[in-house]
2 protein chains.
Amino acid sequence: MKKYAFGVDIGGTTVKIGLFETNGQLVEKWEIPTRKEDNGSQILPDIAASLAGKLSGRGISKDEVEGIGIDVPGPILQDEIVNKCVNLGWGVLNVAAEVKKLTGIDEVKVANDANAAALGEMWKGGGESHKNVVMVTLGTGVGGGIILNGKILPGNFGAAGEIGHMTMNLDEDQACGCGKKGHLEQYASATGIARRAKEVLAASDKPSKLREIENPDAKAVFDAAKEGDELALEIVDFVGRTLGLALATISCVVDPEVYVIGGGVSKAGEILTDAVKKYFVKYAFHASEGTEFALAELGNDAGMYGAVKMVIKD
Amino acid sequence: MKKYAFGVDIGGTTVKIGLFETNGQLVEKWEIPTRKEDNGSQILPDIAASLAGKLSGRGISKDEVEGIGIDVPGPILQDEIVNKCVNLGWGVLNVAAEVKKLTGIDEVKVANDANAAALGEMWKGGGESHKNVVMVTLGTGVGGGIILNGKILPGNFGAAGEIGHMTMNLDEDQACGCGKKGHLEQYASATGIARRAKEVLAASDKPSKLREIENPDAKAVFDAAKEGDELALEIVDFVGRTLGLALATISCVVDPEVYVIGGGVSKAGEILTDAVKKYFVKYAFHASEGTEFALAELGNDAGMYGAVKMVIKD
C-alpha cells in the first residue's frame with residue numbers, strides 16, 4: 001500500500017480534510033469553506049485544489065497517495081454516487097468519477113456522513129477493537145451507521161442505518177423532517193428532547209428547575225436530571241426508553257457487538273447511556289442482552305476518519 | 001471446485017438431506033429421523049452414516065465432495081458452533097468439528113435454520129437474482145434471516161434476523177415464547193393470528209363466517225377474508241399493519257432489495273403481501289418505499305438449499 005491517503009468530510013458549511021499515513025496516523029487536518037452557490041458546483045474543484053496544494057506544499061507526489069475517501073450528507077449508491085444532496089445543492093452526482101477526474105487519483109470512495117462517522121468510530125473511536133458496530137448520532141436529528149465485518153453497510157437505496165426514521169409511535173400527530181410521523185428522531189434528537197421538555201412542563205404542575213429557563217434545550221434537561229430534578233429525570237427516562245427500544249429492535253436485525261452513541265446529546269454521558277441500557281436490556285431478545293455500549297470519541301473528526309478508512313486496507 | 005456437496009437441514013423430527021452438484025443441481029434428496037434420545041447424541045453420527053451410505057451407493061469418493069452445509073434450529077456462532085439447541089437436546093456443541101471428524105470431509109459450515117432458509121430462497125427461490133434479501137418465515141412462530149452481499153448475517157450473539165422478537169407493542173400483557181412481551185411473533189405467526197381472531201370475535205357482535213368455526217386458525221381467517229368477511233378483513237389488516245411496520249423498521253437498518261415471505265401463513269398469497277406492502281409503504285423511510293416483496297418458493301426445502309449454498313462458491 002502507498003504511504004498516504006486523504007479523508008474528506010463534506011459538511012454544509014465546511015469541508016474537513018485529513019492527510020493520513022496509511023498506517024492510520026493523522027499527519028495534518030484542515031478545513032475549507034463549503035461553497036454552495038451555483039448548485040454546489042465549486043465544492044469538488046475546491047477540494048481537488050486543496051489536496052493538490054497540500055501535496056505540492058509537502059513535496060508529496062500523487063503517486064504516493066493510496067486514495068481519497070469522501071463523505072457527504074446524503075444517500076450514496078455503490079460507494080460512488082450521491083443520490084441528491086439538498087444541503088449541498090447537488091442532484092444525482094457521481095462524486096467518485098468527478099474527483100478521479102479532478103485529482104488524477106484513481107481510488108476514490110464515497111459514503112454517507114453518518115455511515116462514515118460509524119466507520120471512523122469503529123476504527124479509532126468508541127468502537128475500537130470491534131468489527132460489528134452500530135453508531136447512533138444524536139444531534140439536531142438522529143443519524144445512524146451500520147458497520148458489519150469492518151465495512152459500511154450502505155443499503156440497496158442508500159438507506160441502511162437511517163435509524164432516525166424508524167417509526168416508534170403510530171399516534172404521533174407532528175411530522176418528522178422527512179414528512180412522515182412518529183420517527184425516532186422526533187424523540188431522541190436534541191430537538192426532540194427540547195420538544196418533550198416543553199410538553200412535559202406544560203402538562204404538569206410539578207416544580208422543576210427547567211421552569212426557570214426559557215425554552216430549555218437537551219443540555220438543560222440532562223443537567224437538571226443530574227441534579228435530581230424530577231421532571232427532567234422523567235424526560236431522560238422517556239428518551240432512554242425510546243432509544244433503548246429502538247436499539248433492542250436493531251439487535252433483532254443485525255445483532256452488533258457494540259452501540260456507539262455520539263452527537264451533541266451524547267455529551268450528557270453516563271446518565272444517557274444508563275437510561276438507554278436499562279430499556280435495551282428490558283426489550284432486547286435475550287441472546288443480545290449483553291451487547292456493549294460506548295460513547296463516541298472522535299467528535300467532529302469521526303467522518304474524516306471513516307472516510308479515509310474506506311481507502312485504507314487492514 | 002469439486003463436483004458434489006451436501007445440504008443437511010436438521011429439524012426437530014426429521015433431517016432433510018440433499019446431494020447436490022456444485023453447479024447448483026439437486027441430484028437427490030431424502031430424509032432420516034431426528035433421534036433426540038440421549039441428548040441428541042445420535043443425530044450427527046446418523047447423518048454421517050447416511051452421507052457415507054449415499055456416497056458408497058453411488059460410487060462417489062469423498063474426495064469428490066466440496067463440503068457439507070448444515071442448518072440447525074438454534075443460534076450459531078462463527079458458522080460452526082451451536083449455542084444450545086433445546087429442540088435437539090444439545091448444549092454448546094461444535095457441530096462443524098464433530099461432522100468433520102465423523103465424515104472426514106473438511107469443509108463444514110453451520111447456520112441457523114431460518115438464516116439458511118433465507119439463503120436458500122436468495123439462491124433458488126423467491127429472492128433469486130438478488131444479493132440483499134430479508135426473509136420472514138410466518139409459521140407457528142416468526143423466524144427471519146438476513147442475507148447481505150449473498151451471505152448470511154449471523155450476528156454477534158447469533159441473533160441477527162431474530163425479527164420475530166422485535167418488540168411491537170409495549171402494552172401487551174401476554175408473554176411471547178421467549179418470555180418477553182409484545183413481540184412480532186405474537187401477532188404475525190399462525191398462532192398469533194388465531195389468537196387475534198379469538199379476541200376480535202369475542203370483542204365484537206358483528207356477524208362473521210369465522211363464528212361458524214370452532215377456534216378458527218390463520219388459514220380460516222385468510223379464507224374468510226378472501227370471501228369479503230368483514231371481521232376477517234380487519235384481522236388481515238391488523239396483521240398487515242404489524243408486519244408492514246416491522247419490515248419498514250428493518251429497512252431503516254439494513255435496507256434490503258427484497259423481502260421474501262414464507263412459512264405456512266404465506267400460503268395465503270397476495271391478500272397477505274398486499275396488506276403488508278400497504279403499511280410498509282406507509283411507514284418506510286421514503287428512499288426504501290420501492291423495496292420488492294416476493295413469496296417464498298422452496299417450501300420445506302429452503303433450509304437444505306441454503307445449507308449447501310454455504311459451501312458452494314459462486
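Among contacts (heavy atoms within 4.5 Å) in chain A between residues at least 6 apart in sequence, 61% join residues at least 24 apart. The exercises below work on from that figure.

This is a predicted model, in which local features need pLDDT of at least 70, side-chain atom pairs count only at pLDDT 80 or more, and totals for chains, interfaces and linings use all residues. Side-chain values use heavy atoms, without hydrogens and water; residues are numbered from 1 along each chain as its sequence is written, and chains are lettered from A and ligands numbered from 1 in the order in which they are written.

**Exercise 1. Chain A as a whole**

Task: Find how many helices and strands chain A has, and test its radius of gyration against the globule rule.

Solution: 
- Step 1. Count the elements. Chain A has 10 helices and 13 strands. These are DSSP runs, numbered from the N terminus: helices are H or I with at least four residues, strands are E with at least two.
- Step 2. Apply the rule. The radius is taken over C-alpha atoms, and the rule is 2.2 Å times the number of residues to the power 0.38. For 314 residues, a compact globule would have a radius near 20 Å; chain A has 20 Å, so the two agree.
- Step 3. The C-alpha trace of chain A spans about 65 × 45 × 35 Å along its principal axes.
- Step 4. Check burial. Of the 314 residues in chain A, 58% are buried. Buried means under 20% relative accessible area, exposed over 50%, and partly exposed in between (1.4 Å probe, protein chains only).
- Step 5. Chain A has 33 positive and 44 negative charges, and their mean positions are 2 Å apart. Lys and Arg count as positive, Asp and Glu as negative; His and the chain ends are not counted. A charge is placed at NZ of Lys, CZ of Arg, CG of Asp or CD of Glu.

**Exercise 2. The nonpolar core**

Task: Which residues have the most contacts inside the largest nonpolar core?

Solution: 
- Step 1. A nonpolar core is a set of buried Ala, Val, Leu, Ile, Met, Phe, Trp, Tyr and Cys residues joined through side-chain atoms within 4.5 Å.
- Step 2. Read off the residues. The largest core has 106 residues, and A:Val254 and B:Val254 have the most contacts inside it.
- Step 3. List partners, leaving aside neighbours within four places in sequence. In chain A, A:Val254 is in contact with A:Val134, A:Ile146 and A:Leu148. Across in chain B, A:Val254 is in contact with B:Leu153, B:Gly155, B:Ala160, B:Val253 and B:Val254.
- Step 4. In soluble globular proteins, nonpolar side chains tend to be buried together.

**Exercise 3. Positive phi and a buried loop residue**

Task: Where do A:Asn215 and A:Leu210 lie, and how does each count by accessibility?

Solution: 
- Step 1. A:Asn215 lies in the loop between helix H6 (190–203) and helix H7 (218–226) of chain A. A:Leu210 lies in the loop between H6 and H7 too.
- Step 2. A:Asn215 has 58% relative accessibility and counts as exposed. A:Leu210 has 0% and counts as buried.
- Step 3. A:Asn215 has a positive phi of about 50° although it is not a glycine.
- Step 4. A:Asp38, in helix H1 (residues 37–40) of chain A, has a positive phi of about 55° and is not a glycine. At 57% relative accessibility, A:Asp38 counts as exposed.
- Step 5. Not counting residues up to four places away in sequence, A:Leu210 touches residues including A:Leu201, A:Pro216, A:Val221 and A:Ile235.
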